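Thanks for coming. I will go through a few local features of one model, starting with a pair of helices. Please have a look at the structure first.

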Amino acid sequence: MPVRRPAVVLAAALALGLAAGPLGAPAFASPAAASARTAAGPDADALRAALAGLPDADATAALVRVGGSDGTWRGSAGVHDLQSGRAADPDARFRAGSTTKVVTAAVVLQLAAEGRVGLGTPVQKYLPGLLPPAFEPITVRQLLNHTSGIQSGDGFGDAFEDAYAHRFDSLTPREVVASAVAKGPEFTPGTRQDYLNINYTILGLLIEKVTGHPYAHEAARRILGPAGMRHTYFPGTDPRIRGPHNHGYQAVRRPDGTTTFVDVTDWNQADRWAAGDMISTTADLERLITRLFKGDLVPARQLEEMFTVPPGIKGADMSAGLQRFEYGGTVYWLKSGARYGYSTAVAATRDLSRTLVYSVNSTDAKGESMNPVAQRIALAALKQRDRSALAAIAGAVR
């Protein structure tokens with residue numbers, strides 16, 4: 001179950017759920033115009049332009065919230081679904097992908113503040129027998145910042161057609177971990193950084209062992225509730241998105257060279273669990289990043305872990321639950337995520353002078369290249385001009 005985005009290899013005989021047709025087909029005849037509330041700071045014209053033309057070949061909808069000390073901006077564009085063509089719901093729920101890791105990290109850091117977990121303590125102490133003797137001691141901190149050396153767990157395949165065929169099947173966290181540890185360590189703990197879901201799957205098991213409660217219960221009690229995230233939840237094995245939501249699609253190239261769009265809205269994400277199965281809204285993710293950075297959810301001492309990249313490791317940019325990105329003298333802390341049909345990101349300066357949350361219904365959310373709509377949003381929201389510098393925000397699936 002590698003988290004790095006593989007190239008999508010399409011099978012010639014893939015059964016398609018939608019008829020082929022250009023984006024100018026009747027389903028797109030009445031695209032929703034972007035709606036927004038402007039204020040002094042964010043560049044409203046640039047943000048509206050970033051959302052113009054949806055739906056298109058790259059995305060069927062986009063939801064954006066920009067905030068900060070100089071004002072706010074809210075916008076949405078695109079369609080709820082291709083069949084009806086009705087306007088996208090600006091308050092829709094969506095698959096938030098790896099932004100789940102921000103919540104998981106916050107729960108672990110709370111447990112550390114309570115003295116129930118030691119960040120420098122080997123995880124083997126809390127989960128005896130989970131890792132075989134071939135693994136050296138791996139600290140909780142090394143799981144948080146992806147320097148554990150544990151290899152990725154297995155899923156149902158990397159190609160879209162393989163994953164799609166198993167979209168209603170389940171893998172338990174224990175099964176995912178077992179497939180990872182069977183491969184042996186990738187490197188000595190603390191010597192490299194390799195961003196993988198498996199680290200946060202194990203942290204989910206740690207949370208359950210230490211608290212005696214299910215991961216979702218602790219995440220809701222400790223983070224979602226206090227942050228006011230009333231529309232966020234963990235679906236477990238339920239493949240549906242409960243409540244209002246816009247459909248997600250994957251673009252598929254047919255053998256005759258035309259493109260069709262497969263509805264991927266319903267999908268069992270249980271194998272992503274504490275690493276990426278959360279369902280949320282842009283408003284809730286904005287509440288999360290704001291309350292977190294203000295120190296309302298994690299005590300100051302432990303919160304520093306979220307703003308600390310492991311020293312002495314070449315190329316390291318991941319902290320506990322976040323990613324450091326610097327450009328033009330400004331440091332942003334962000335987390336992105338993607339599931340088929342949905343690309344999401346949260347980003348903010350530490351002082352919250354600028355915040356950004358977006359959900360883009362990408363038609364190639366697990367592809368190798370940047371989603372152009374997400375790129376335009378990031379450029380407009382963070383007032384950047386160097387496209388290559390924004391790869392960490394708009395392009396990396398984390």
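Helix 8 and helix 10 are roughly perpendicular to each other, a label used for angles of 65 to 115 degrees. Before the details, a word on the source: this is a predicted model, where local features need pLDDT of at least 70, side-chain atom pairs count only at pLDDT 80 or more, and totals for chains, interfaces and linings use all residues. Residues are numbered from 1 along each chain as its sequence is written, and side-chain values use heavy atoms, with hydrogens and water left out.

Back to the pair. Helix 8 covers residues 215–227 and helix 10 covers residues 282–293; they pack at about 105 degrees, with their axes 9 Å apart. Axes here are lines fitted to C-alpha atoms, for helices over the stretch in contact, and angles run from 0 to 180 degrees between N-to-C directions. Helices are DSSP runs of H or I with at least four residues, strands are runs of E with at least two, and both are numbered from the N terminus.

Which residues in helix 8 and helix 10 meet? I223, P226 and A227 come from helix 8, and R287, L288 and R291 from helix 10, where contact means heavy atoms within 4.5 Å. By type, these residues divide into four nonpolar, no polar and two charged. Nonpolar covers Ala, Val, Leu, Ile, Met, Phe, Trp, Tyr, Cys and Pro; charged covers Asp, Glu, Lys and Arg; the others, Gly among them, are polar.

Next, R74, found in strand 3, residues 73–78. R74 has a relative accessible area of 17%, so it is buried; buried means under 20%, exposed over 50%, and partly exposed in between, with a 1.4 Å probe and protein chains only. The R74 side chain reaches the backbone oxygen of V66 at 2.8 Å and makes a polar contact with the side chain of E286 at 3.4 Å. A polar contact is a pair of N or O atoms within 3.5 Å; within protein, one must be able to donate a hydrogen and the other to accept it, and residues adjacent in sequence count only if both atoms are side-chain atoms.

N246 sits in the loop between helix 8 and strand 5. Is N246 buried or exposed? Its relative accessibility is 2%, so N246 counts as buried. A polar atom of the N246 side chain lies 3.0 Å from the backbone nitrogen of D89.

Last, helix 12, residues 372–381: eight of its 10 residues are buried. N371 caps its N-terminal end, with a side-chain oxygen 2.9 Å from the backbone nitrogen of V373. Just after helix 12, K383 takes a positive phi of about 60 degrees.

Methods:
Parallel < 35°, antiparallel > 145°, perpendicular 65-115°, else oblique.
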